[in-house]
Amino acid sequence: MVDQNSNYALQTSEVYVHYGKKMAINNVALNFPKNEVTSLIGPSGCGKSTFLRCLNRMNDVIDICNVKGKFLLNGNVDIYSPDIQVETLREKVGMVFQKPNPFPKTIYENVAYGPKIHGIASSQNELDEIVKDSLHRAGLYEEVKDRMDDIATGLSGGQQQRLCIARAIAIRPEIILMDEPCSALDPIATAKIEDLINELKENYTIIIVTHSMSQASRVSSKTAFFHLGNLVEYGETGKIFTKPDKEQTNDYITGRFG
Amino acid sequence: METAHTDKNFEQKLNHLTDNLIKMSNIVEKQIEIAVNVIKSKDSSDAQTTQNLDEQVDEVERDVRDLSFEIMTLHRPVASDLRLVFTALKVSKELERMGDHSRNLAKRAISISSSFDEDLTDQMHNLGKGVQKMVNQTLESFFKKDEVQARISWNQDAEIDRQYKSLLSDLIERMHNKETSVVDEGTKPILIAKSLERIGDHATNIAEEVIFNITGHYIDLKKSDFE
Amino acid sequence: MSSLEKRLAAEKRFKFYGMFAMTLSLFFVLILMYKIFSTGSGAFVRTTINADVYFDPNFIEVSSNSSKKEIMKASYVDLADQVINQNHPGLDEENFIKVREMYTRKFDYQLRDYIANNPNVIGKTVNLDISASSDLDQIVKGNYPRNVPEAQRKINDYQLSILDSLDSKGKMSKTFNFWFFTNGDSRDPETAGILGALMGSFYALLICFSFAFPIGLLASVYLEEFVKPGKITDIIEVNINNLAAVPSIVYGLLGLGMLIGVFGMPYQVPLVGGLVLGFMTLPTIIIASRASLRGVPPSIREGALAVGATKMQTVFHHVIPLSLPGTLTGTIIGMAQALGETAPLLLIGMVAFVMEIPGGAFDPATGLPSQIYLWSESAERGFLEKTSAGIMLLLSFLIIMNTVAVLVRRKLEVKW
């Protein structure tokens, strides 16, 4: 399943994840094509979030979580290799969380934090440009350009989430992971973010975990269905939502699931 | 076998939709049966029955249309449910047209005089019987979700066409020969034959929908390599 | 009564009990405040006797050209006697002593300080208000009864007559006793001030904060963020919690035995006092800080980590700033507690009579509560009001510190 083909931003295989003795992910292999949006769907507890968090090694902070498997970035870098600094990995693989979590700092500082600690900007001007550019790409610049020094937590939920996206983009990742990014948002804010995802895929590879089937069908070109830690089916989103191969998949997406 | 929907309301509506289609199929099959019999029996009360049944068909077709729309608006069906609703709409339309054809052919059949050529009447009757069987098999394949049977009944259309063409050429030849019993009836026999052939066509359309419902693809059954 | 009526009645009763308890406690607080205030307010006022002071150069050792140091070193006892002679002419020796006693014993110091600030006054006459002695002060304030037999009074009949005569001449007045705030302790109540104890407490608290806050903060950060939970951390946590409940005098013992005994630090100094208070406050700060760190939501940490921050960066750039309100509140409250502690200072010697105002953490000193205790033990009547005044001051500081803690929390609290 793993090949040197660099059309994939990320290739995973033989992935097993355990929490202590309990198995969370059972032998999953999944490849993520570049500049496409892949959605991970499945009922609660199916392991999709756990799997997502493996991709930027966020599971490292959980002691009892044990991750095994091959995770190749751009076909040649194993992200779990001991040579890899996890901080550098996270420069390449960014993450946006379910509940918007901007730092309780100013809007500017939120976006500038990442570039600062990675030393991406060589001058204050360059840093300003990065912040401005990231906010533009996140579709937030126009709304906040006059209040960059305001505290980020004063923004609305949708704006905060776009700020988090800007923050993730500021360190120039290749892949953006999104863990149910619209769960906490109202429909208009959700629509804005989905539209944003559509634009972002031109420049980034996006992997999104979602509870909403309709979101997956709107936003992604590939869909992976997880159940009880197994990857049940993976394919073109259109196909999954018209005629999935597995009956289990059909039962889940039509709402027949037990 | 199939797990139930979590949303009972949705489940109910889908079942209701299928029930309507079953109802409609039964009525239309009855219509065709009666119409075909009228070719020979010339029973005008039977012809009237096809007329009455047609009104029922129209009513059920409207129900199917409205229910499908409601399901799409309120429940946003996907995958198997979506395919069901999609094909239900189209199948109901085909059935409704079949019903129309049956009614028309019955009306024409009773207006043909008893002096009409018996052999030709038999041919028409046989064509009708063939069409009736084909429709029955196709509708069965729909409700049983039987892809193989759908293909088989689709293929019967070739035979129907052949019978139709043969009947047609006979009719035309006899008109040419100025046989009074044929000429006096004018276009009526031709139109009856045509109606039957059209019913067969609608059945093949339904067969294509059956395959879409099962596989999610529309395939060109002509090109498919099934014997 | 129906069930609903019973429940509503129970609620009404409960509310009444609560209101009653609040009112009662408020009542007691008001009584306490009133008692302290009425006794202590007297300490802020000082009786003075107006007199013409001729700075007779014959009785002054220095001249107007002398340096301040020389002026401060010279004796002015003779000058003081001379002034009294001039203002109460024609007294025999016995009466002279009685009149002299009516003026503060520190009269000569008062003269000295005046000359030091105005060297050119030598040879001139100035009209000054001179402090009365404590006993006189107390009589004038009405704390000593006048109409008891002479033997039961501190002021004898002769002195009373002088007092009345001075009063009728309008020479008796009261002035604001700023000496309370500028002087150190003294044997004479009228000149005793709180500054020495205040500075002692200040230096001690400064040392306490400088020691306990950084160590407490970093220790809690380490325990909370960097160490894997396990047997060892459990033991440490239990120990810290227990330490917070250890009687404060034990810390005094620790100071005595370890700091003074083993490390040879000086006795009676705010340095040692501060360290001892620091030991005592450390568990409080650690516990408050850990609770505050735990209160920082994991989402903030995740946000920082996801952007590629190291553990250290996450903790120091994000977690600690957000936990600071809680930590500071705990620290300030801990410091307020330390301010009011006497027992630990007892064993290391900071509960003793110290006259000089400490210039730094290495000078002998006493603390604010200790000073109050010392005054309360004194026989002299004049110290009674000083004790209450000291308590007022101590309470004010505690209220201020707790208010600051509340304000700090409110100001720094950020909504996440």
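User: How many residues of chain A are in contact with chain C, and how many of chain C with chain A?

Analyst: 22 residues of chain A are in contact with 19 residues of chain C, contact meaning heavy atoms within 4.5 Å. This is a predicted model, where local features need pLDDT of at least 70 and side-chain atom pairs count only at pLDDT 80 or more, while totals for chains, interfaces and linings use all residues. Residues are numbered from 1 along each chain as its sequence is written, chains are lettered from A and ligands numbered from 1 in the order in which they are written, and side-chain values use heavy atoms, with hydrogens and water left out.

User: What area do chain A and chain C bury between them?

Analyst: About 1700 Å², with 62% of it on carbon and sulfur atoms. Buried area here is the accessible area (1.4 Å probe) that two parts lose on being put together, summed over both.

User: How many salt bridges cross that interface of chain A and chain C?

Analyst: The rule finds two across the interface of chain A and chain C; a salt bridge is a side-chain nitrogen of Lys or Arg within 4 Å of a carboxyl oxygen of Asp or Glu. A:Arg53 and C:Glu302 meet in a salt bridge through their side chains, at 2.9 Å, N to O.

User: Which elements of chain A supply at least two residues each to the side that touches chain C?

Analyst: Helix 2 (86–92), strand 6 (93–96) and helix 3 (107–118) of chain A. Helices (H or I, at least four residues) and strands (E, at least two) are DSSP runs, numbered from the N terminus. Helix 3 of chain A gives the most to that side, with four residues.

User: Where does chain B come in? How many residues of chain A are in contact with it?

Analyst: 13 residues of chain A are in contact with 16 residues of chain B. The area buried between chain A and chain B is about 1100 Å², and carbon and sulfur atoms give 44% of it. Of the two pairs of chains that touch, A and C have the most contacts. No contact joins chain B and chain C, and their closest C-alpha atoms lie 33 Å apart.

User: How many salt bridges are there between chain A and chain B?

Analyst: The count is one. In a salt bridge between these chains, the side chains of B:Asp81 and A:Arg256 meet at 2.9 Å, N to O. On the chain A side, helix 9 (237–242) and helix 10 (247–254) each supply at least two of the residues that touch chain B. Helix 10 of chain A provides the largest share, five residues.

User: New topic, the inside. Which residues touch the most other members of the largest nonpolar core?

Analyst: C:Ile194, C:Val272, C:Leu277 and C:Ile348, in a core of 60 residues. A nonpolar core is a set of buried Ala, Val, Leu, Ile, Met, Phe, Trp, Tyr and Cys residues joined through side-chain atoms within 4.5 Å. Buried means under 20% relative accessible area, exposed over 50%, partly exposed in between (1.4 Å probe, protein chains only). Helix 14 of chain C contributes the largest share of this core, ten residues.

User: What else sits in helix 14 of chain C?

Analyst: C:Thr331 lies there. C:Thr331 counts as buried because its relative accessibility is 1%. Not counting residues up to four places away in sequence, C:Thr331 touches C:Phe209, C:Phe213 and C:Ile285.

User: Back to salt bridges. What does the count come to over all chains?

Analyst: 43 by this rule. One of them is between B:Asp117 and B:Arg174, whose side chains meet at 2.7 Å, N to O. B:Asp117 is in the loop between helix 3 (79–111) and helix 4 (118–144) of chain B, B:Arg174 is in helix 5 (residues 147–176) of chain B, and they are 57 residues apart.

User: Is that pair buried or exposed?

Analyst: B:Asp117 counts as buried at 18% relative accessibility, and B:Arg174 counts as buried at 17%.

User: Which helix holds C:Glu11 and C:Lys15?

Analyst: Both lie in helix 1 (residues 3–40) of chain C, four residues apart, about one turn of the helix. C:Glu11 forms a salt bridge with C:Lys15, with the closest N and O atoms 3.5 Å apart. C:Glu11 is partly exposed at 42% relative accessible area, whereas C:Lys15 is exposed at 54%.
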